[in-house]
Amino acid sequence: MSAVIQNRAVSPIPLVFVATIISALLSGCQSIPLFSDDQPEHIVWNSKPNNIASHEFNLSSDQGMVGALASISSHENDTLSDIGRHYGLGYNDITIANANLDPWTLPAEQTVLLPLRFVLPDAPRKGIVLNLANMRMFYYPKNRTDSVLTYPVGIGRQGWNTPLGQTQIVAKKANPDWTVPESIHREHQALGDPLPKVIHAGPDNPLGSYAMPLGFSGYLIHGTNKPYGIGLQVSHGCVQLYPEDIEALFNKVEVGTPVRIVHQPYMATWQDDMLYLEAHHPLDKWEKQQKQLQKDIRKKLQQLATEKQATVDWGKVERILQRADGVPTPVLPDSADLPELTADAVQLAHPEQFYGQPVINDLSDKDWSILAANFENETDAQKLAAMLNHQGPPIPARKIAKDGGFQVVAGPFKNKKEAKTVAQRIKLNFDMEVKAIDPKQATRN
């Protein structure tokens, strides 16, 4: 997210605002219709399956990688966040694999790579293994050695890092209340956003509908009311999952399930007589260890290659380490690189609507609204509208053509109080001065 949104009506939005906003927030197979034999002329073969395995995979004892790459052709107004969530990917997964695309303003008919192939962390396959480096959880069900489930997660941001080590789930709580720690009270007070001592279960609770405290005091695995923070460093150290994923996990795991938290940005494995490397940038806390971590993975690649008397393309290894796009890529000579992998990916049919995609209601002349910004450029207006729609909770917004330019208008809001509350949220998260519009004074195109 590097584009700058330039605003004619208010001060220019700083280059770093996009990252700040986001940090502050936040199986199936192709079905073929059956036709009777007397209507063969109406048979249409659909070459694109509707779905692909994204969470649960079969697993053999010697298997180090699961899943398959897929792709989808975008429609107008799609965002990488919506596509990622629909296919079980976090914001990090989908954006680093599609680094050439703007996450919020995808053109129509753009190929989006779905990185649904994962190298398993180098850790015992027991209970939950969480790899902070790629913000992904792997769950090995008890008494089932033939499967693994994987979910994207949000983790602790800089200064509130999720701890490494071995622990376990010590309790399970549905519809939890959140007793706000004093340190978080002070942080929100300083931002002019004070919190109550206890936030009860409901849509305003950042724990979501399910929580599982860990043996590390004060840390939990839980849901979220800000799902578009999954795949980002957004929490105060807890591990967050999409609402639909925490519900599935909560119903599967038991109290006492072991949890191992690791940081492995570089992973390698053999699969189908090919050696693969998956690379991510180390998190900021481990950035100074990057050279040693890369040295370690080169050593592992050499060991794995020696075991099968294979040769490594070290030039390709260096390009993968530099790219750090999270896509497992072969490293033997003359093996496929990213363009070939993308071309060979399973092409999926575009769904009618992505799971959890915001639905923006129309504005009427009786609704309160907010004029968020004016733009000369339509793309910049669409970007801000999309980002507002993906706040937690969402702020409904749309771009409107106006006087040769474009406005971003948020709403509808049922009354002045609600509009002013949302205006304060926009000011706090976006550092923008906005104003609520009384429906009696509003003029719409």
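Analyst: In this predicted model, the largest nonpolar core comprises 28 residues. Those with the most contacts inside this core are Ile-370, Leu-384, Leu-388, Val-408 and Ile-426. Four elements, namely strand 23 (368-375), helix 9 (378-389), strand 25 (405-413) and helix 10 (416-430), supply at least two core residues each. Helix 9 provides the largest share, with six residues. In soluble globular proteins, nonpolar side chains tend to be buried together.

With its neighbours within four places in sequence set aside, Leu-388 is in contact with Ala-372, Pro-394, Ile-395, Ala-397, Val-408, Ile-426 and Phe-430. Among these partners, Val-408 and Ile-426 also belong to the residues with the most contacts inside the core.

As to the sheet, six strands form an open arrangement in the order 1-8-7-6-18-10, and their pairing is mixed. Its edges are strand 1 (56-58) and strand 10 (165-168), each of which pairs on one side only. On average, neighbouring strands are turned by 20° against each other, direction ignored. Strand 10 pairs with strand 18 (residues 258-262) in the antiparallel sense over four bridges; within this pairing, Gly-165 has Ile-261 of strand 18 as its bridge partner. Helix 5 (residues 243-250) packs on the sheet and touches strand 6 (127-131), strand 7 (136-140) and strand 8 (147-152). The direction of helix 5 makes about 145° with that of strand 8.

Definitions and conventions:
Residues numbered from 1 in each chain as written. Predicted model: local features only at pLDDT ≥ 70, side-chain atom pairs only at ≥ 80, totals over all residues. Heavy atoms only, no water. Core = buried A, V, L, I, M, F, W, Y, C linked by side-chain atoms within 4.5 Å. Buried < 20%, exposed > 50% of the residue type's maximum accessible area, 1.4 Å probe, protein only. Contact = heavy atoms within 4.5 Å. Pairing = 2+ DSSP bridges. Axes fitted to C-alpha atoms, helices over the stretch in contact; angles between N-to-C directions.
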